[in-house]
Protein chains: 14
Amino acid sequence: MDNVGLVGMISIVASGLTIAIGSIAPALGEGRAIAQALTAIAQQPDEANTITRTLFVGLAFIESIAIYCFVVALILIFANPFWNYVITKAGG
Amino acid sequence: MDNVGLVGMISIVASGLTIAIGSIAPALGEGRAIAQALTAIAQQPDEANTITRTLFVGLAFIESIAIYCFVVALILIFANPFWNYVITKAGG
Amino acid sequence: MDNVGLVGMISIVASGLTIAIGSIAPALGEGRAIAQALTAIAQQPDEANTITRTLFVGLAFIESIAIYCFVVALILIFANPFWNYVITKAGG
Amino acid sequence: MDNVGLVGMISIVASGLTIAIGSIAPALGEGRAIAQALTAIAQQPDEANTITRTLFVGLAFIESIAIYCFVVALILIFANPFWNYVITKAGG
Amino acid sequence: MDNVGLVGMISIVASGLTIAIGSIAPALGEGRAIAQALTAIAQQPDEANTITRTLFVGLAFIESIAIYCFVVALILIFANPFWNYVITKAGG
Amino acid sequence: MDNVGLVGMISIVASGLTIAIGSIAPALGEGRAIAQALTAIAQQPDEANTITRTLFVGLAFIESIAIYCFVVALILIFANPFWNYVITKAGG
Amino acid sequence: MDNVGLVGMISIVASGLTIAIGSIAPALGEGRAIAQALTAIAQQPDEANTITRTLFVGLAFIESIAIYCFVVALILIFANPFWNYVITKAGG
Amino acid sequence: MDNVGLVGMISIVASGLTIAIGSIAPALGEGRAIAQALTAIAQQPDEANTITRTLFVGLAFIESIAIYCFVVALILIFANPFWNYVITKAGG
Amino acid sequence: MDNVGLVGMISIVASGLTIAIGSIAPALGEGRAIAQALTAIAQQPDEANTITRTLFVGLAFIESIAIYCFVVALILIFANPFWNYVITKAGG
Amino acid sequence: MDNVGLVGMISIVASGLTIAIGSIAPALGEGRAIAQALTAIAQQPDEANTITRTLFVGLAFIESIAIYCFVVALILIFANPFWNYVITKAGG
Amino acid sequence: MDNVGLVGMISIVASGLTIAIGSIAPALGEGRAIAQALTAIAQQPDEANTITRTLFVGLAFIESIAIYCFVVALILIFANPFWNYVITKAGG
Amino acid sequence: MDNVGLVGMISIVASGLTIAIGSIAPALGEGRAIAQALTAIAQQPDEANTITRTLFVGLAFIESIAIYCFVVALILIFANPFWNYVITKAGG
Amino acid sequence: MDNVGLVGMISIVASGLTIAIGSIAPALGEGRAIAQALTAIAQQPDEANTITRTLFVGLAFIESIAIYCFVVALILIFANPFWNYVITKAGG
Amino acid sequence: MDNVGLVGMISIVASGLTIAIGSIAPALGEGRAIAQALTAIAQQPDEANTITRTLFVGLAFIESIAIYCFVVALILIFANPFWNYVITKAGG
C-alpha cells in the first residue's frame with residue numbers, strides 16, 4: 001500500500017460519493033419545485049407562462065448546485081493534482 | 001493485498017454505491033412530480049397538454065441528475081484512470 | 001486472502017447492496033405515483049385515459065432508474081472487468 | 001480463513017440482506033397503493049373496475065422491483081460465479 | 001475459528017436478520033392497507049364486498065414479499081449450500 | 001473461543017434480535033389497524049360486525065409475520081442445526 | 001475469557017436488549033389504539049361497549065407480541081440451553 | 001479482565017440500557033393516550049367517567065410493558081444467575 | 001486496567017446514559033400531555049377541574065417511568081453490587 | 001493509562017453527555033407546552049389565569065426531569081464515589 | 001499519551017460537544033415558542049401583554065436548560081477537578 | 001504523537017464541530033420564528049410593530065445560544081488552557 | 001504512508017464531502033423557496049414582479065451558502081496550504 | 001505520521017466539515033423564511049415593504065450563523081495557531 005494505491009483508491013471513493021450524495025438534495029428540490037409548478041398551473045392556467053419561466057430559472061439555480069458536485073467529481077477523476085503529484089513521484 | 005486488488009475492490013464498491021445512493025433522490029423526486037401531475041390533470045383536464053409538457057421537461061432535469069451518477073459509475077467500471085495506471089504498472 | 005478472494009467477496013456484497021438499496025426509492029416513488037393516479041381517477045373518471053397514460057410514461061421513467069441499478073448489479077456479477085483481470089492473473 | 005470460507009460467508013450475508021433490505025420499499029409502496037385504491041373505490045364505486053385494473057398493473061411494476069432483489073439473492077446462493085470459481089480452485 | 005464455525009455463525013445471523021428486517025415493511029404495509037380498508041367500509045358500507053376482495057388480493061401481494069424473506073431465511077438454515085460444502089469438506 | 005462458544009453466542013444474539021426487531025413492525029401495524037377500526041366503528045356503528053371481522057382477518061395476516069420471526073427465534077434456540085453439528089463434533 | 005464468561009455476557013446483553021427493543025413498538029401501538037379509542041368514545045358514546053371490547057381484544061393481540069419478547073428474554077436468562085451446555089462442560 | 005469483571009460490567013451496562021431504552025416507548029405511548037383523553041373529555045364532558053376509566057385500564061396495559069423492562073433490569077442487577085455462577089467459581 | 005477501574009468506568013457511563021436516555025421520552029410525553037391539557041381547558045373552561053385532575057394523574061404515571069430510570073442510575077452509582085464485590089476483592 | 005486517568009476521562013465524558021442529551025427532550029417538551037399555552041390564551045383570554053397556572057405546574061414537572069440529569073452530571077463531577085476510591089488508592 | 005494529555009483532550013471534546021448538543025433542543029424549543037407567540041399576537045392583539053409576559057417566562061425556563069449545558073462546558077474547561085488532580089500529580 | 005500534537009488536533013476538531021453542530025438548531029429556530037412573524041404581519045398588518053419587536057427579542061434569545069457555541073469554539077482555538085499547559089510543558 | 005500521501009488523501013475526501021454535504025441544504029432550501037414562489041404567483045398573479053424579485057434575492061442568499069462550500073472545496077484542492085507545506089518539505 | 005502531518009490533516013477535515021455541516025441549517029432556515037415571505041406577500045400585497053424589510057433583517061440574523069462557521073473554517077485553514085506552532089517546531 002504505497003501512496004499511489006492509496007491516493008487512487010481515495011479518489012475513486014470520493015468522486016463516487018461526491019456525486020452520489022450531491023445528487024440527493026438537488027433531485028428532491030427539483031421534484032418539489034416541479035410538483036408545485038404543476039399545481040400552480042392547474043390553479044392559474046392563465047399564468048402558465050410566468051410560472052414555467054420562473055420554474056426554469058429556479059431549476060437552473062438548483063441544477064447549478066448539482067453541477068458543482070459533478071465538477072468536483074470529475075476533477076477528482078481526471079484532473080486530480082494530488083494524483084498527478086504522486087504518480088510523477090512514483091514514476092520519477 | 002497489492003494495489004491492483006485494492007484499487008479494483010474500491011472501484012467495485014464505489015461504482016455500486018454511486019448508482020445505488022444516486023438513485024434514491026431522483027426516483028423519489030420523479031415520483032413526487034408525477035403524482036402531482038396526475039392531481040393537476042384531475043383538477044384541470046383542459047390543461048393536460050401544458051401539464052404533461054412541463055412534467056416531461058422537469059423529469060428530464062431530474063433524470064439528468066440520475067444520469068450523472070450512472071455516468072460516474074460506468075466510468076469507474078470501464079474507464080477508470082486509476083485502474084488503468086495500476087494494471088499498467090503491475091503488467092510492466 | 002489473496003486478490004481473487006477479496007475481489008470476489010467485494011463484488012458479491014456490492015452487487016447485492018446495489019440492487020437492494022437501489023430498489024428503495026423507485027418502489028416508493030412508484031407507490032406514490034400509483035396511489036395518486038388512483039385518487040385522480042376517482043376524482044375525474046372521465047380523464048382515466050389521460051391519467052393512466054401519463055402514469056405509465058412516468059412509471060417507465062422511474063423504472064429506468066431501478067434498471068440502472070439492476071444493470072450495474074448484473075455487470076458486477078457476470079461481466080466484472082476487475083474479476084476477469086484477477087482470475088486471468090491468478091490462472092496465468 | 002481461506003477463500004472458500006470467506007466467499008461462502010459473504011454470499012450468505014449478501015443474499016440475506018439483499019432480500020431483507022430489498023423488501024422494505026416494495027412492501028411499503030404496495031401498501032400505500034392498495035390503501036389509496038380502497039379509498040378511491042369508496043369514493044367512486046362505479047369506477048371500481050378501472051381502479052382495480054390500474055392498481056394491479058401498478059402492483060406488478062412494484063413487485064418486479066422486489067423480484068429483481070429476489071433474483072439477485074437466489075443467484076448469490078445457487079448460481080454464484082465467484083463461489084463456483086473458488087470451490088473449483090480449492091477442489092482442484 | 002475454522003470455516004465450519006464461521007459459516008455456521010454467519011448463517012445464523014443472516015437468517016435471523018433476514019426475517020427480522022424483512023418483516024418490517026410488510027407488516028407496516030399490511031397495517032396501512034387494513035386501516036384504510038376499514039375506513040373505506042365505514043364510508044361505503046355497500047361496497048364492503050369489493051373492498052374486502054381488493055384488500056385480500058393486495059394483502060396476498062404484500063405477504064408474498066414477507067414470504068420471500070422467510071424462504072431465504074429457511075434456506076439459509078436448512079438448505080444452505082455453503083454449509084453443506086464446508087461440513088462435507090470438514091468431514092471428509 | 002472455540003466453535004462451540006462462538007456458535008452458541010451468535011445463536012443467543014440472533015434469536016434475541018430476531019424477535020426484538022421482528023416485533024417492531026407487527027405491533028405498529030396492528031396498533032394502526034385497531035385504531036382505525038375504532039374510528040370506523042364510531043363512524044358507522046351499524047357496520048360494526050363487518051368491520052371487526054375484517055379487522056380480525058387483517059390482524060391474523062399481520063400476526064403471522066410476527067410468528068415467522070418467533071418461529072425463527074425458537075428454531076435458533078432449540079432446533080439449531082449448526083449448534084447440533086458443533087456440539088456433536090466437540091463431544092465426539 | 002473462556003466460553004463460560006462469553007456465553008454469560010452475551011446472554012445478559014441479549015436478554016436486556018430483547019425486552020428493551022421489543023417494548024418499543026407494542027407500547028407505541030397500544031398508545032395509539034387507546035388514544036383512538038378515547039376519541040371514538042367521545043364521538044359515539046352510545047357505542048362505548050363495542051369500542052372498549054374491540055379495544056381490549058386488539059390490545060391482547062399487541063400485548064402478545066410484547067410477551068413473545070419477554071418470553072425469549074426470560075428463556076435467555078433462566079432456561080438457556082447454550083449456557084447449560086457450557087457450564088456442564090466447564091464443571092465436568 | 002477475568003470473567004468476574006467482564007460479567008459485572010456487562011450486567012451494569014445491560015441493566016442501564018434495558019430500562020433506559022425500555023422507557024422510551026411507554027412514556028411516549030402514555031403521553032399520547034393522556035393527551036387524547038383530555039381532548040376527549042373536552043369534547044364530551046358527560047362521558048368523563050367512561051373516558052378516564054378506559055384511559056386508566058389502557059395505561060395499566062402500557063405501564064406493564066415498562067415494568068417488564070424494569071423487572072429485567074433489576075433481575076440483571078440483583079438476581080443475575082450468570083453473575084452468581086462466576087463469583088461462586090471465582091470464590092471457590 | 002484491572003477490574004476496579006473497568007467496573008467503575010462502566011458504572012459511570014451506564015448511570016449517566018441511563019438517566020440521559022431515560023429522560024427523553026418522559027419529557028416529550030409530559031410536554032405533549034400538558035400541551036393538550038391547555039388546549040382542552042381553552043375549549044372547555046368549565047371542565048378545567050376534571051382536565052387538570054386527569055392531567056396530574058397521567059403525569060404521575062409518566063413521571064414514574066422517569067423515576068425508574070433515576071432509581072437505576074442512583075443504584076448504579078451508590079448501591080452497585082458489582083462495584084462492592086470488586087472493591088472488596090481488591091481490598092482483601 | 002492507569003485507573004486514575006481512565007476513571008477521570010470517563011467521568012468527564014459521561015457528565016457532559018448526560019446533561020447534553022438530557023437537555024434535548026425537556027427543552028423540546030417545554031417549548032411545545034409554552035407554544036400551546038400561548039395558543040390557548042389567544043383562544044380563551046378569560047382563562048389566562050388557569051392556563052398559565054397549569055402551564056407552570058407542568059413546566060415544573062418537565063424541569064424536574066432536566067434537573068435529574070443535571071444532578072447526575074454534577075454528582076459525576078464533584079461527588080463521584082468511583083473517582084474518590086481510585087484517587088484514594090493512587091494516593092495511598 | 002500520559003494522563004495529562006488524555007484528560008486534557010477528553011475535556012476539550014466533552015466541553016465542545018456538551019454545548020453543541022445542548023444547544024439543539026433549547027434553540028428549537030425557543031423558536032417554536034416564539035413562532036407561536038407571534039401567531040397568538042396576530043390572533044388576539046389585545047392580549048399582547050399577557051402573551052409576551054408568558055412567552056418571556058417560558059423562554060427563561062428553556063434558556064435555563066441551555067445554561068445548565070453552558071455551565072457544565074465551562075466547568076469542564078476552567079474548573080475541572082480531574083484536570084487539576086492530574087496536573088498536580090504531573091507537576092509534583 | 002505526543003501530547004502537543006494530540007491536544008492540538010483534538011482542539012481543532014472540537015472547535016470546528018462545536019460551531020458546526022451548534023449552528024444547526026439556532027438557524028432552524030430563527031428560520032421558523034421569522035417565517036411565523038411574516039405570516040403574522042400578513043394577518044395583522046396593524047400589529048407589525050408589536051410583532052417585529054417580539055420577534056427581535058426572541059431572535060436575541062436564540063442568537064445567544066449560537067453565541068455560546070461560538071464563544072466555546074473561539075476559547076478552544078485561542079484561549080485553550082489545556083493547550084497552553086502542554087506547550088508550556090513541551091517548551092520547558 | 002508518509003505525510004504527502006496522507007495529506008493528499010485527506011484533502012481529496014474533505015473536498016468531496018464538503019461540496020457533497022454542503023449541497024444538501026441549499027438545494028432543498030431553494031427548492032422550497034421556488035415551490036412557494038410558484039404558489040404565490042398562482043394566488044396573486046398581479047404581484048408576480050414583487051414575488052420573483054424577492055425570490056431571486058432570497059435565492060442569492062441561499063446560493064451564497066452553497067458557494068462558501070464550493071470555495072472551501074476548491075481551496076482544499078488547488079490552494080491547500082497544508083499540502084503546499086508538505087510537498088515543499090518532501091521535495092526539499 | 002508526525003505532528004505536522006496529523007495536525008495538517010485534521011485541520012483539513014475539520015475546516016471542510018465545519019462549513020459543510022454548518023451550511024445545513026442556515027440554508028434550510030433561509031429557505032423557510034423566504035418561502036413564508038412569498039406567501040405573506042401573496043396574502044397581503046400592500047404590506048410587501050414591511051414584509052421584505054423584516055425578511056432581510058431576519059436573513060441577516062441567520063446568515064450571521066453561517067458566517068460564524070465560515071470564519072471558523074477559514075481560521076482553521078489560514079490562521080491556525082496549532083499548525084503555526086507545529087511547523088515552527090518542525091522547522092526549528
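Tutor: Start with buried area: the accessible area (1.4 Å probe) that two parts lose on being put together, summed over both. The size of an interface is often given as the accessible area lost when the parts come together. Between chain D and chain E about 3800 Å² is buried, and carbon and sulfur atoms give 81% of that area.

Student: What kind of model is this, and how are residues and chains labelled?

Tutor: This is a predicted model, in which local features need pLDDT of at least 70, side-chain atom pairs count only at pLDDT 80 or more, and totals for chains, interfaces and linings use all residues. Residues are numbered from 1 along each chain as its sequence is written, chains are lettered from A and ligands numbered from 1 in the order in which they are written, and side-chain values use heavy atoms, with hydrogens and water left out.

Student: How many residues of chain D and chain E are in contact?

Tutor: Contact means heavy atoms within 4.5 Å. By that rule, 45 residues of chain D meet 43 residues of chain E.

Student: How many salt bridges are counted between chain D and chain E?

Tutor: A salt bridge needs a side-chain nitrogen of Lys or Arg within 4 Å of a carboxyl oxygen of Asp or Glu. The count between chain D and chain E is zero.

Student: And how many residue pairs are in polar contact across that interface?

Tutor: A polar contact is a pair of N or O atoms within 3.5 Å; within protein, one must be able to donate a hydrogen and the other to accept it, and residues adjacent in sequence count only if both atoms are side-chain atoms. The rule finds four such residue pairs between chain D and chain E, both residues at pLDDT 80 or more.

Student: Which elements of chain D build the side that touches chain E?

Tutor: Helices (H or I, at least four residues) and strands (E, at least two) are DSSP runs, numbered from the N terminus. Those giving two or more residues to this side of chain D are helix H1 (3-22), helix H2 (24-43), helix H3 (48-78) and helix H4 (81-91). H2(D) gives the most, with 13 residues.

Student: How do the residues on that side of chain D divide?

Tutor: Ala, Val, Leu, Ile, Met, Phe, Trp, Tyr, Cys and Pro count as nonpolar, Asp, Glu, Lys and Arg as charged, and the others, Gly among them, as polar. The side of chain D that touches chain E has 31 nonpolar, 10 polar and four charged residues.

Student: Now take chain B and chain A. Which residues of chain B lose the most area to chain A?

Tutor: First, the totals. The contact takes 43 residues from chain B and 45 residues from chain A. The buried area is about 3800 Å², with 81% from carbon and sulfur atoms. In chain B, Phe61(B), Tyr68(B) and Phe82(B) lose the most, together 18% of what that side buries. Salt bridges between chain B and chain A number zero. Four residue pairs are in polar contact there, both at pLDDT 80 or more.

Student: What gives the largest share of the side of chain B that touches chain A?

Tutor: H3(B) does, with 16 residues. The side divides into 27 nonpolar, 13 polar and three charged residues.

Student: How far apart are chain C and chain E?

Tutor: They do not touch; their nearest C-alpha atoms are 11 Å apart. For chain C and chain F, which also do not touch, the distance is 17 Å.

Student: Where does UniProt place "transmembrane region" in chain A?

Tutor: UniProt positions are given in the numbering used here, feature names are shortened, and annotations may be inferred rather than shown by experiment. The unreviewed entry places the feature at residues 6-28 and 55-79 of chain A. Residues 6-28 are 96% helix and 0% strand, with end C-alpha atoms 34 Å apart.
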